[in-house]
Amino acid sequence: MLHVEHLTFCYRRRETLSDLSFDVNLGEVVVVLGPNGSGKSTLLRCLCQILRPRNGLVTLNGGRLNSLSAEQIARKIAYVPQRLETAPFSVFDAVLLGRKPYFTWSPSPTDFQRVEEMLYRLELESFAQRPLHQLSGGEVQKTALARALVQEPELLLFDEPTSALDLKNQIDILRLVRDMIREKNIMAVMSIHDLNLAIRYADRFLLLKDGRLIGDVSRGELQPDVIEYVYGIPMEIHTSEKKVSFIIEKTFPN
Ligand code: ADP
Ligand code: MG
């Protein structure tokens with residue numbers, strides 16, 4: 001379980017996250033919702049200890065994260081940032097880097113096998129030898145997600161993981177992530193802007209507004225008024241006969 005208690009973070013003197021407390025249970029996919037600047041990326045960076053909170057406690061499966069080295073954290077947490085960097089190495093090598101926490105000098109046959117399996121699952125095999133800086137934004141994003149998934153962490157932190165993907169890839173990736181989380185009984189926390197994608201794959205939502213946690217609800221408990229409050233736009237939630245929910249903006253005169 002990920003346990004967060006009274007987490008507060010300041011960029012210089014400006015409080016950006018204020019007293020956040022929540023838990024993420026094993027097997028759960030949690031989506032952080034909130035408008036631009038509400039603190040989603042800052043929260044994910046605090047969870048993986050890239051940023052050190054001013055106050056509060058973060059524990060992962062019982063252990064405090066702030067006492068661990070970067071290497072120890074890399075075995076437990078995979079983080080994919082919102083802005084991805086590209087380098088002149090191949091997709092295969094970029095994904096293999098995800099196995100780095102498991103080898104010292106050279107990768108083992110198991111490391112290579114994990115990479116090959118993941119490239120296959122994400123339909124990246126034909127890109128394996130292509131250099132990252134010659135790929136499209138979506139291909140780079142898939143490579144970064146593949147790297148995180150081969151890392152076999154206890155917690156996945158994805159910051160807008162589907163922002164550069166087309167509809168099929170968005171669905172394929174989120175379905176794969178959700179299935180892996182359940183299969184391995186691990187956890188994911190991600191920010192996603194597309195509410196309809198979020199409501200399809202999240203078990204629970206954290207709603208952030210101005211660095212405050214104003215909602216912590218399961219998928220079934222998500223109400224339009226809280227979304228309306230967070231985003232400032234009137235919303236409706238509809239559920240189809242097949243029990244698929246979708247969220248739409250209430251039409252109002254322009
Ligand atoms: P979100 O991901 O929800 O869009 P962020 O976590 O990126 O929001 O940002 C939250 C707030 O912190 C914003 O007001 C942003 O301008 C500010 N902020 C983000 N990064 C920095 C930084 N490195 N230094 C100072 N302020 C920052
Ligand atoms: Mg962000």
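Predicted model: local features only at pLDDT ≥ 70, side-chain atom pairs only at ≥ 80, totals over all residues.
Student: What makes α5 and α6 roughly parallel?

Tutor: Again, the angle decides. The axes of α5 and α6 (residues 167-184) cross at roughly 5°. The cut-off for roughly parallel is under 35 degrees. Therefore α5 and α6 count as roughly parallel to each other. Their axes come within 12 Å.

Student: Which residues make the contact between α5 and α6?

Tutor: On α5, K142, L145 and L149. On α6, N169, I173, L176 and M180. The classes are five nonpolar, one polar and one charged.

Student: How do you know that α1 is mostly covered?

Tutor: Count the buried residues. Helix α1 spans residues 40-47, and seven of its eight residues are buried. Buried here means under 20% relative accessible area. The buried residues are K40, S41, T42, L43, L44, C46 and L47. After α1 comes Q49, with a positive phi near 70°.

Student: Why is F246 called partly exposed?

Tutor: F246 has a relative accessible area of 36%. Buried requires under 20% and exposed requires over 50%. The value lies in between, so F246 is partly exposed.

Student: Where does F246 sit, and what does F246 touch?

Tutor: F246 belongs to strand β12 (residues 245-249). Not counting residues up to four places away in sequence, F246 touches N196, E236, I237, H238 and S240. F246 and A198 are 48 residues apart in sequence, yet their C-alpha atoms are 9.6 Å apart.

Student: Which residues touch the most other members of the largest nonpolar core?

Tutor: L156, F158, F205 and L222, in a core of 55 residues. Leaving aside neighbours within four places in sequence, L222 contacts I199, F205, L207, V217, I227, I237 and I247. A second, separate core has 28 residues, including L7, L20, V30 and V32.

How values were computed. Residues numbered from 1 in each chain as written. Chains lettered and ligands numbered in written order. Heavy atoms only, no water. Core = buried A, V, L, I, M, F, W, Y, C linked by side-chain atoms within 4.5 Å. Buried < 20%, exposed > 50% of the residue type's maximum accessible area, 1.4 Å probe, protein only. Contact = heavy atoms within 4.5 Å. Axes fitted to C-alpha atoms, helices over the stretch in contact; angles between N-to-C directions. Helix = DSSP H or I, 4+ residues; strand = E, 2+ residues; numbered from the N terminus. Parallel < 35°, antiparallel > 145°, perpendicular 65-115°, else oblique. Nonpolar A, V, L, I, M, F, W, Y, C, P; charged D, E, K, R; others polar.
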